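Hi,

Here is the structure I promised to pass on. Have a look at it first, and my notes follow below.

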Amino acid sequence: MEPLTRGRYPPEMVKHVGDRLPEFSPKDSKLVQSSYDFIGLNYYTASYARDVKCPSGNVSYLTDPCVDTSKKNSDGEYIGKK
């Protein structure tokens with residue numbers, strides 16, 4: 001959301017993703033910033049997530065969040081009714 005609201009990527013994203021992020025020129029940044037009339041965002045998941053150290057090699061959009069997800073809890077039980 002930050003590129004749309006501030007015209008730049010969040011520092012944490014730049015730190016983890018680095019040169020894999022497309023660059024905004026000053027003109028692009030000004031054009032994108034606050035260019036929306038409405039944004040609706042819903043995100044639902046049925047996974048457990050835990051923080052993990054970000055990898056230093058073999059990085060991709062799948063590793064950028066620096067989380068490990070699972071459908072099972074710490075006792076090995078699946079989410080939801082049995």
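Before the fold itself, a word on terms: helices here are DSSP runs of H or I with at least four residues, strands are runs of E with at least two, and both are numbered from the N terminus. Keep in mind that this is a predicted model.

With that in hand, the protein chain reads α-α-α-β-β along the sequence, that is, 3 helices and 2 strands. Its radius of gyration is 17 Å, well over the 12 Å that the globule rule gives for 82 residues, so the chain is more spread out than a compact globule. Along the principal axes, the C-alpha atoms fill a box of roughly 55 × 35 × 15 Å.

On burial and surface: buried residues account for 11% of the 82 in the chain. The accessible surface is about 7400 Å², and carbon and sulfur atoms hold 53% of that. As for contacts between residues at least 6 apart in sequence, 44% of them link residues at least 24 apart.

The charges come to 12 positive and 11 negative, and their mean positions lie 3 Å apart.

One residue I looked at separately is aspartate 64. Where does aspartate 64 sit? Its place is the loop between strand S1 (48-51) and strand S2 (67-70). Is aspartate 64 buried or exposed? Its relative accessibility is 19%, and since the cut-off for buried is under 20%, aspartate 64 counts as buried. Setting aside neighbours within four places in sequence, aspartate 64 is in contact with His16, Val17 and Arg20.

Cheers

Notes
Residues numbered from 1 in each chain as written. Predicted model: local features only at pLDDT ≥ 70, side-chain atom pairs only at ≥ 80, totals over all residues. Heavy atoms only, no water. Rg over C-alpha atoms; globule rule 2.2 N^0.38 Å. Buried < 20%, exposed > 50% of the residue type's maximum accessible area, 1.4 Å probe, protein only. Contact = heavy atoms within 4.5 Å. Areas by Shrake-Rupley, 256 points an atom, 1.4 Å probe, with all protein chains shown as cover. Lys, Arg positive; Asp, Glu negative; His and termini not counted. Charge placed at Lys NZ, Arg CZ, Asp CG, Glu CD.
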